[in-house]
Amino acid sequence: MAEILERIVTDDEIKTDEYLVNMGPQHPSTHGVLRLLLKLEGEIVHNVEPHVGYIHSGIEKMTEALSYPQIPHLTDRMDYLSSHMNNEAVCLLVENALQVEVPDRVKYIRTIFDELQRLASHQLWWCASGMDLGALTAFFYGLRDREDILDIFEETCGARLTLNYSVPGGVMFDIHPNFQTKVKAFIKKFRTKIPEYDKLLTGNIIFQNRTKGVGVLTKEDAIAFGVTGPTGRASGFSCDVRKHHPYSAYPLVKFEEKLGTDGDSFMRWQLRMDEMRESLNIIEQLIDNIPEGDYAVKMKGVVKLPEGEYYQRVETARGEFGVYVVSDGKKNPYRVKFRSPGFSNLFAINHIAKGWKIADLVAIMATFDLVIPDIDR
Amino acid sequence: MTNEQLIEKLTSAYPAAVVKMGSQYPEITVSFDKLHAFMLDIKTDSQLDFDFLVCESGVDYPVFLQVVYHLESTSLKHFLVVKANTENRETPAIDSVADIWPTAEFHENEIYDLLGIKFNNHPHLRRIFLDENWGFPLRKDYKDDIHVVER
């Protein structure tokens, strides 16, 4: 019996037929309604064809009927884990086009919110991808600590996830009187949590075996496929918009753009962990120095952008988010295009997943940190 | 390269194209039949080196459809907006740049899906969001017969 088995395993002649399997649209590791059509040979992935559009909401078409102050409220619903960054992108575009200078206080508040939301997003990514790889404990740890950030958001904006806080000209209301003390307490607490996360997963040998060397994306490929954000930076592609095209209070803070070298799943993992520490540093530099002043400048009742084309880029938790607006001088935009990071990132998966097993594809997808409404828009 | 230098270089190298300074970035409008050769040029030219296709979008205008490419050079840090107009609105077609920047493949699928621009030599042109017999919703003359709301 053992002889026969050995012959089957070592015989090159025996091959399985290629066959197609749908991964999703309802699959826990796709984090939403994404369908990947896999071409498999046994367990080995030969091709991944993403099928998207299950929750396509037509935001680009809708915005053509809205006025500029109304658009930021819709952008919450794209990448809901980076809702404030999405709001900010549209607000910055309108402010830059009209050459409105917002008060320093607004810049500080926006940057602190950006970084808090990046932390919340990375935390959810951290715990959910732990779950994808079979470590359920991580999920509870992550959600427990993320609660602190959401409470801070709730106190100031009344919302926990889709903040809807930035408006053209400033922010909707001033920060809550408790904001600074709570953020400082949170930073202190969170600094003790990150080593705990590392102990739980990063140093875990099972986890390392599942991610190290899996799904390598080279720097050249990252640029060619337009893979931005922590995923691109893990491959060594220096693409941090906060560093290269600073906006809000980013020119005022000192921070390091973390760059990886390997571009494998473990590097992507480590890079986001490092980014969490860096985010804490950024908040720490700003939180005590929020200048006094107005939290918004008065904008005109009807906002009309001068005729022309505008492009505004910001760094969300997933990568470069861009807004491209064609204005014909009316109160509604002629055309709005959202360049979402997830859309470009998703396409690179086919390139790097070839030859890996299905379980490795899950590890790759987990470390790509996809949010489906961000892809579908 | 600064914006002025970039405009100067492009004007002298491509006299047939229209180069101007946009509201933020230099813009160049290329004829649709020369687009592919032009794109290959600016990608391979070591002085320009546009290796990162940031964004590709389609816009519907009254007499033609337009494809807009936002390009950046990761080594030289300059930014360029390239535009190409289709010949007409009835049978809009333009050359694909997916062989130059692989990311374009997915972006072009989206533009084909929502605006109906056909991309020649595209490796796998398909509708990614909508059904095969759906209209092209981002066109200005698109009418939604099912979900239309009358005031």
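## Contact between the chains

Two residues are taken to be in contact if their C-beta atoms, placed from the backbone, lie within 7 Å. On that basis, 24 residues of chain A are in contact with 22 residues of chain B. This is a predicted model, in which local features need pLDDT of at least 70 and side-chain atom pairs count only at pLDDT 80 or more, while totals for chains, interfaces and linings use all residues. Residues are numbered from 1 along each chain as its sequence is written, and chains are lettered from A and ligands numbered from 1 in the order in which they are written.

Helices (H or I, at least four residues) and strands (E, at least two) are DSSP runs, numbered from the N terminus. Elements giving two or more residues to the side of chain A that touches chain B are α2 (59-63), α9 (219-224), β8 (308-315), β9 (320-327), β10 (335-339) and α13 (341-353) of chain A, and the largest share, four residues, comes from β8(A).

## The sheet β8-β9-β10

In chain A, three strands form an open sheet in the order β8-β9-β10, with antiparallel pairing, where pairing requires that DSSP finds at least two bridges between two strands. β8 and β10 of chain A stand at the edges, each with a single partner strand, so one side of each is left without a neighbour in the sheet.

The antiparallel pairing of β8(A) with β9(A) extends over eight bridges, and A:R313 has A:G322 in β9(A) as its bridge partner. Helix α4 (residues 83-98) of chain A packs on the sheet and touches β8 and β9 of chain A. The direction of this helix makes about 140 degrees with that of β8(A), with axes being lines fitted to C-alpha atoms, for helices over the stretch in contact, and angles running from 0 to 180 degrees between N-to-C directions.
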